[in-house]
There are 2 protein chains.
Amino acid sequence: MTIDPRPIGIFDSGIGGLTVLAALQRRFPRETFLYLGDTARLPYGTKSPETVARYSLRASLFLLEHGIKALVVACNTASSTALPVVEHAVTVPVIGVVEPGARAAVALGAHRIGVIGTEATVASGAYPRAITALEPAVEIVAQPCPLFVPLAEEGWFDHPVTREVARTYLAPFRNAVEVLILGCTHYPPLKLAIEDAVGPHVRLVDSALAVAEALAAMQADGRVAPAAASGSARLLVTDAAARFSRIARLLLPDVDVSLELVDLPTYPSA
Amino acid sequence: MTIDPRPIGIFDSGIGGLTVLAALQRRFPRETFLYLGDTARLPYGTKSPETVARYSLRASLFLLEHGIKALVVACNTASSTALPVVEHAVTVPVIGVVEPGARAAVALGAHRIGVIGTEATVASGAYPRAITALEPAVEIVAQPCPLFVPLAEEGWFDHPVTREVARTYLAPFRNAVEVLILGCTHYPPLKLAIEDAVGPHVRLVDSALAVAEALAAMQADGRVAPAAASGSARLLVTDAAARFSRIARLLLPDVDVSLELVDLPTYPSA
């Protein structure tokens, strides 16, 4: 079997993608990961598709220059609006979070699927497109939840305020869908409040786990060769490392967050 | 009297500065205003001082190139962390929001002053410095309120969730200060919820009104010559004009928001 010791690149606008990194590290303990949080330009979720594409391209080219063997776009907003641009620009296999999430939801056999995400993700229609491509007969309801990201970053995972916000946003889903896709990597820490708001019969799909499945499939069919060493992760951010560390410790107490601050060059095509 | 028909430049990371624009338009109906919302890089409030300085400089130089006669830094985060850099780089009088807000609070004769703002504004210590420079004997309590900006942008001005968040953040101020400075241009729309949380004996200082006072003083002493025409405002944003318009209509139903999308050049010194 071919071995490829090069790192797997992961990028997100900020810390949300760490939920994806954590899932990948658990599933692929021998891989090395290079994570880039583009904190100088976060959030992506309220920006235009053109701007998100420009920022995503810049982050992807930066990781490519660091010799990655595959790229995980761990941000739902970037995956929803910029994946074709990124795939066109980089020379390694690219995994977004939308298609794996859609696949996991459809695999549960649901007829009514809910999607929550940032304004940009919901406006893009990427999830409905991905779901319908897999299973045209599914009914889809999507809802932006702009306050979930700041609530997660404040560490109010199961705060009464978060429960009230969840009840307000998620009323249309309560006992009305069979599956709800958490279409933003910031949402998994809010799972308890979300479950409480949608009721006990709605199953949640966490795209971090779905991405690990997608990478496993790529290794199985030889598109990405595995590493053989004992794995590690290197974390880079473009700004405000102290804030990132504080929130990362809150979101993912088990992940080791040693950070390096980097500047992204401006690429001619980005 | 000298007349100067050139516009007054105003910049903010996004829409918050519109509360300052509205106050200036009411007070100076003959002036022309050129407003720049740097929405491609918002928010500034969670970024590092170095990054805020770089972004602020870029926005200020852009407005300077458009022939302004004075510059209002209508963003508390930029005023708190980047004002010296901006003052050094531009050749016209500069007005920040911090010093006028501090002056207005001290003028009320308070002995205990509260300050709320973004993480970056509070971490900078700019308000305590400005207040102490005017009146050393004042006691100052500062508190970041990260959820207030997204709540204002969601239009939940007087929502039960906003009242609960305000009660949580503002408990230290309740009947414990005489004056509370709204140290973020996003906060005035949340006034009712804030007043309810701090109690009836705490007076709120809105820096938008304080900035109008500061500009009036600059006109009175001849540092900024007035215009004589019937005024107007031109609004520029660097991204996501549709989102800006929607939220601007929510925050300031009376302001005419016709927008132009612009790209900021990268200046060698910015």
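**A tour from Met1(B) to the chain contact**

Select Met1(B): it counts as exposed because it has 7 C-beta neighbours inside 10 Å (buried means 20 or more other C-beta atoms within 10 Å of its own, exposed 12 or fewer, partly exposed in between, with C-beta atoms placed from the backbone). This is a predicted model, in which local features need pLDDT of at least 70 and side-chain atom pairs count only at pLDDT 80 or more, while totals for chains, interfaces and linings use all residues. Residues are numbered from 1 along each chain as its sequence is written, and chains are lettered from A and ligands numbered from 1 in the order in which they are written.

Met1(B) belongs to the segment before strand E1 (8-12) of chain B (strands are DSSP runs of E, at least two residues, and helices runs of H or I, at least four, numbered from the N terminus).

Next, select the open sheet of chain A, where six parallel strands follow the order E4-E3-E1-E2-E9-E10 (strands pair if DSSP finds at least two bridges between them). Strand E4 (94-95) and strand E10 (259-261) of chain A are at the edges with a single partner strand each, so one side of each has no neighbour in the sheet. Strands E1 (residues 8-12) and E2 (residues 32-37) of chain A run parallel, joined by five bridges. Pick Ile10(A); its bridge partner in E2(A) is Tyr35(A).

Finally, show both chains. Their contact takes 17 residues from chain A and 17 residues from chain B (C-beta atoms, placed from the backbone, within 7 Å). Helix H8 (residues 160-170) of chain A gives four residues, the largest share of the side of chain A that touches chain B.

Key:
Contact = placed C-beta atoms within 7 Å.
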